[in-house]
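The sequence and the model are shown here.

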Amino acid sequence: MTTTTAPRNRMTIASLSPPLPPRLRMEPTGSSRTLLDGGWWPRSTDPVAELPGLVLAIDALRGPVTRLILSADGWDTHPRRLGVAGRILRLGYFTSQPLSLLTAICANRSRVDLLVVPPRTTDAAADAAMILAATTTNIIHAQHIPLMVSAPPVAVAEDAWEDEGGHLAGSRLAPSRRQAIR
């Protein structure tokens, strides 16, 4: 049996439970010169359960949200309209939108770009990712932040020095020059 979701997508969906406080870190100055405005760590991939709390938090910090732009991947459902705080928001799901990015458009025509941390991320990695995303000087795009915070640290020259008996491995000094330094 084939069913269609088109009529459901045209309906306005509202959560029956009160919104949960979002796990959200925002860049504190509200500067329009930042790459990202912060990071958000939803508890699930259910937009009806997760988005109302986020919308209310952004409302309080940057003004009323009127539209959300999300990735077409990563969400259990794709409602096109969501009732929040007595108003209706339009939701757009796009394949071109990175999975790790959510864009909120506010009534004052400003936009808020947030890193979306996957729900099953560890506490430490999620916190590190949200802190990085909310840093004013961050230059890393949302889709690269999860890789940055989960990558093992790179050895610095001093660590290599200590592990190589007092000289750097692969030193390009001529053999006679290397002996003179020792």
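## Basis and strand pairing

Two strands are taken to pair if DSSP finds at least two bridges between them. The model is predicted. By that criterion, strand β7 (residues 101-106) and strand β8 (residues 111-116) form an antiparallel pair with five bridges. Within this pair, Thr-103 faces Asp-113 of β8.

## The sheet

Eight strands make up an open sheet with mixed pairing, in the order β1-β5-β6-β4-β7-β8-β3-β2. The edges are held by β1 (12-14) and β2 (24-26); each has a single partner strand, so one side of each is left without a neighbour in the sheet. From one strand to the next, the twist averages 30 degrees.

At the β1 side of the order, β1 and β5 are parallel and share three bridges. Thr-12 stands opposite Arg-81 in β5, and Arg-81 in turn stands opposite Arg-90 in β6. The pairing of β5 with β6 is antiparallel, over four bridges, and places Leu-82 opposite Leu-89 in β6. Two residues lie between these strands in their hairpin, where Ala-85 takes a positive phi near 50 degrees. β6 also pairs with β4, in parallel, through five bridges; here Ile-69 stands opposite Gly-92 in β6.

Side chains alternate along β5.

Helix α2 (residues 47-62) lies across β1, β2, β3 (38-40), β4 (65-71), β5 (81-84), β6 (87-94), β7 and β8. It runs at about 60 degrees to β5. Helix α3 (residues 123-133) also packs on the sheet, where it touches β2, β3 and β8. The direction of α3 makes about 150 degrees with that of β3.

The length of α2 can be checked against its residue count. At 1.5 Å a residue, its 16 residues should span 22 Å, and the end C-alpha atoms are 21 Å apart, which agrees. α2 is mostly covered, with 12 of its 16 residues buried. Among them are Val-48, Leu-51, Leu-54, Val-55 and Ile-58, as well as the charged residues Glu-50, Asp-59 and Arg-62. At the start of α2, a side-chain oxygen of Asp-46 comes to within 3.1 Å of the backbone nitrogen of Val-48. Just after the helix, Gly-63 takes a positive phi of about 115 degrees.

Which side chains make polar contacts with that of Asp-113? One is Thr-103, at 2.7 Å, and another is Arg-111, at 3.0 Å. Asp-113 lies in strand β8. With a relative accessibility of 11%, Asp-113 counts as buried, the limit being under 20%. Apart from neighbours within four places in sequence, Asp-113 is in contact with Leu-35, Leu-36, Asp-37, Gly-38, Leu-101, Leu-102 and Thr-103.

## The aromatic pair

The structure holds one aromatic pair. Its members are Trp-40 and Trp-75, which are stacked, with 6.1 Å centre to centre and 20 degrees between the planes. Trp-40 lies in strand β3 and Trp-75 in the loop between β4 and β5, so the pair ties together parts that are 35 residues apart in sequence. Both partners are buried: Trp-40 has a relative accessibility of 1%, and Trp-75 has a relative accessible area of 11%.

## Ala-129 in α3

Ala-129 belongs to helix α3. Is this residue buried or exposed? At 3% relative accessibility, Ala-129 counts as buried. Leaving aside neighbours within four places in sequence, Ala-129 is in contact with Leu-115, Val-117, Ile-145 and Val-149.

Note on methods: Residues numbered from 1 in each chain as written. Predicted model: local features only at pLDDT ≥ 70, side-chain atom pairs only at ≥ 80, totals over all residues. Heavy atoms only, no water. Axes fitted to C-alpha atoms, helices over the stretch in contact; angles between N-to-C directions. Contact = heavy atoms within 4.5 Å. Expected span 1.5 Å × (residues − 1). Buried < 20%, exposed > 50% of the residue type's maximum accessible area, 1.4 Å probe, protein only. Polar contact = N/O pair within 3.5 Å; in protein donor to acceptor, adjacent residues only side chain to side chain. Phe/Tyr/Trp six-rings, centres within 6.5 Å; stacked < 30°, edge-to-face > 60°.
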